[in-house]
Amino acid sequence: MQEIIENKITESNGVATEEMILNMGPQHPSTHGVLRLELLLEGEIIKKVTPHIGYLHRCFEKHAEAMTYPQVVPYVDRMDYLASMGNEFGYVVAVEKLVDIKVPERVEYIRVIMAELQRIASHLVALGTYGADIGAMTPFLFCFRDREKILHLFEITCGARLLYNYMWVGGLSHDLHPDFIRLTKEFIQYFRPKVVELNELLTNNKIFIERTANIGILPVDVAINYGVSGPMLRGSGFKWDIRRNDPYSIYDRFDFDIPVGQGLMGTVGDSWDRYYVRVLEMEESLKIIEQAIEQIPEGNVSEAIPKRIKPPVGEVYARIENPRGELGYYIISDGTTNPFRVKVRPPSFVNLAVMDELCRGHMVADVIAILGSVDIVLGEVDR
Amino acid sequence: MIYDFLFELTGSEFLAGLIQSLLPLFLFILPFALFAVWWERKISAHMQDRLGPMRVGWHGWLQTIADILKLLQKEDIVPRDVDKPLFNLAPVLVFMGSYAVFAAIPFSGAFIGSNIDLGLFYIVAVSGIVVASILMAGWASNNKYSLLGAMRSAAQIISYEIPTMIVVVTIVMITGTLNLYTLSEMQTGYFWNWMIFGGPGFGVDKFLFIPLMIIAFFILYISTLAEVNRTPFDIPEAESELVAGYHTEYSGMKFAMFFLAEYANMFAVSAIVSAVFFGGYQSPFGYLGNTLGIEWLIPIEQFFWFTAKGLFFIFVQMWLRWTLPRLRVDQLMALCWKYLIPISFVNLLIVGLITVL
């Protein structure tokens, strides 16, 4: 049952003041999709935030039960549509674990490159829209300009720019384009100065710091209690990254750091820290891509793709580090070609739950600053 | 003066005055607002690695005209639960407020809508109408976002009028006039006669005034930015928070009125800044008309300089808008009450002391 909030009328000094309920969304420029936030306001101060979700529910998990295992992949794309490669990665890792397929080395390397490029693209959208939420429009367009280069790399690889259907169980739909390695190296060269530019324009801007530092502080114990993951958890100062703590694919071979929030501009775990962790993570992703490009072996990307997937009766849970946090797949097999159940643990959904804790006592304008730093994708929250 | 010419032409004081007061509206404000909208879109586009409007006319210069035509044709939607008279009156008033400001602004030595002695005071007073109409729009819309936007806007504009007024008083202390025409005429000659460089004359006080005037200029410019709701002070219409603020419920031509008023206002405040500190319509280095001995060239040159200065300050406004994020409403108030007002008061005191001595 949904809790019904009564308008409370309080009297002080003979003046009756009334708490106001403001529905932010689902048609609102800054709710990053179709989220509705029910704000209980006293003046401009937030007393309570209730997120209402479900406007983008598409029954993905039920759909998956009517599909064969490879047919689920395109559906997975549509969850976190800003990080489709990551979604596919998690799903194929889970199914390969269930069926016990060993994929060729080249496939692993390409998957890592794609996932890390996708992480940069996704973080660029997160940082750009965050700037736009705070009121700076130009960094938003700069970020999208750089993201376009990554989308171009995806496009020459598999023909799609947003929903790729690229990683298949046991392999990939296409091998790399002959130009891919060269273009990726060029992109890395091009992108490093752009991060500096972003830092000059937005990260270290006085007004931006005023708006985000000490806003929406998430203490590390609260974060862990809510099951928060990804840049949000790291922003609170806890060094937790599935790529390092529970390595999947070939992530144990690469050398990279895990940036955590340090409270440089305010308190550890504020919105600025969450933002800055994403900026630093882009650099780490670049490092991983550079190493992967150096080491990538030759091979056939489609040799391990099975003709028909019929896993034994059983269940599997696999998790990966998506740009937004821990993405988990729990798949139950009843021995047929269709999965019996596909349950997703979406990072955005779990991270969104902490909104009320973060927003209480802040102002209406801060809700935007906090929601932007949580960085949700409604396609994944609702599935 | 244009008034004398019109008086001879029509033979009626009333007609001459009417035409003269309507001239800036049709000759300047409306075309300028159309131009400024296009200009802003081009500037923002080039700052963001885009092209902006390119299809309608050369580099899209007809785009705003096309937009206005579209807005004129749109259905005039009045939501059911609004306060109708106020809802309809607000856009007219907001446009009136920003237009009335132009009456006291000298466009050139030969043309000023109304040469009143209380020019500066009149401008500050008339822009108060804008607050009333914004509040009216927000209240009448019967929309929570509009109401929040209007409340913020009223608080912001009223607060920032205080440092504006103090700076104006500072100037009045030095020049002894509130008349913008006289003020501009005082700063004639070369650019070192401008108020920002201590005003006319070559006493010791001129050099003492320079740093104080620079501080005063920055305070005035920041507060005018806040008064016209431009970034970083565009909180009333903060798109990402309050949808469109006080004009959320407006559509069609009524929306266009708010929009045009905003751009007209931008020019008005830029004109005030340039008239007070940068010599108004005065050329920084003599007139070609004087050198060549062609007298009718001088007002045209003056108009050119006036527009150029105005456009420069508008360019800076746009530049700031597309670079900076937005302050929060309490931070905005803190900036005004904790920094601008005390600094401008101290500035006023020092200027007063120097003037007395």
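**View 1. Helix α3 of chain A is mostly covered, with 14 of its 16 residues buried.** The model shown here and in the views below is predicted. Helix α3 of chain A covers residues 84-99, and its 16 residues should span 22 Å at 1.5 Å a residue. A:Asp100 follows α3(A) and has a positive phi, near 65°.

View 2. Most residues other than glycine have a negative phi. Because 17 other C-beta atoms lie within 10 Å, A:Asn165 is partly exposed. A:Asp375 sits in the loop between α14 (364-374) and α15 (378-382) of chain A. With 28 other C-beta atoms within 10 Å, A:Asp375 is buried.

**View 3. Chain B meets chain A through 23 residues of chain B and 25 residues of chain A.** On the side of chain B that touches chain A, α6 (144-175), α9 (239-242) and α13 (329-356) each supply at least two residues. By class, this side of chain B has ten nonpolar, five polar and eight charged residues.

**View 4. Helices α4 and α5 of chain B cross at roughly 160°.** Helix α4 comprises residues 84-100 of chain B and helix α5 residues 119-140, and their axes come within 8 Å. Angles over 145 degrees count as roughly antiparallel, and α4(B) and α5(B) are therefore roughly antiparallel to each other. Their crossing is left-handed. The residues of α4(B) in the contact include B:Leu86, B:Phe87, B:Leu93 and B:Met96. Among those they meet in α5(B) are B:Val126, B:Ile129, B:Met136 and B:Trp139. The contact of α4(B) with α5(B) has 17 nonpolar residues, four polar and no charged.

**View 5. Helices α6 and α8 of chain B pack at an angle of about 150°.** Helix α8 of chain B spans residues 204-227, and its axis is 9 Å from that of α6(B). The angle makes α6(B) roughly antiparallel to α8(B). The crossing of α6(B) and α8(B) is left-handed. On the α6(B) side, the contact includes B:Gln156, B:Tyr160, B:Glu161 and B:Ile174. On the α8(B) side, it includes B:Phe209, B:Leu220, B:Ser223 and B:Glu227. By class, the residues of this contact are ten nonpolar, five polar and two charged.

**View 6. Helix α10 of chain B is mostly covered, with 23 of its 26 residues buried.** The helix runs over residues 252-277 and reaches 38 Å from its first C-alpha to its last. This is close to the 38 Å expected at 1.5 Å a residue. After α10(B) comes B:Gly279, with a positive phi near 75°.

**View 7. B:Tyr263 is a residue of helix α10 of chain B.** B:Tyr263 counts as buried because it has 22 C-beta neighbours inside 10 Å; the cut-off for burial is 20 or more. Leaving aside residues up to four places away in sequence, B:Tyr263 touches B:Ala33, B:Ala36 and B:Val37. B:Ile29 is 234 residues from B:Tyr263 along the chain, while the C-alpha atoms of the two are separated by 8.9 Å.

**View 8. B:Asn193 lies in the loop between α7 (180-186) and α8 of chain B.** B:Asn193 counts as partly exposed because it has 19 C-beta neighbours inside 10 Å. B:Asp117 is 76 residues from B:Asn193 in sequence. From C-alpha to C-alpha, B:Asn193 and B:Asp117 are 22 Å apart in space.

Key. Residues numbered from 1 in each chain as written. Chains lettered and ligands numbered in written order. Predicted model: local features only at pLDDT ≥ 70, side-chain atom pairs only at ≥ 80, totals over all residues. Axes fitted to C-alpha atoms, helices over the stretch in contact; angles between N-to-C directions. Helix = DSSP H or I, 4+ residues; strand = E, 2+ residues; numbered from the N terminus. Parallel < 35°, antiparallel > 145°, perpendicular 65-115°, else oblique. Left-handed = near helix turned anticlockwise from the far one by under 90°. Contact = placed C-beta atoms within 7 Å. Nonpolar A, V, L, I, M, F, W, Y, C, P; charged D, E, K, R; others polar. Expected span 1.5 Å × (residues − 1). Buried ≥ 20, exposed ≤ 12 C-beta atoms within 10 Å, placed from the backbone.
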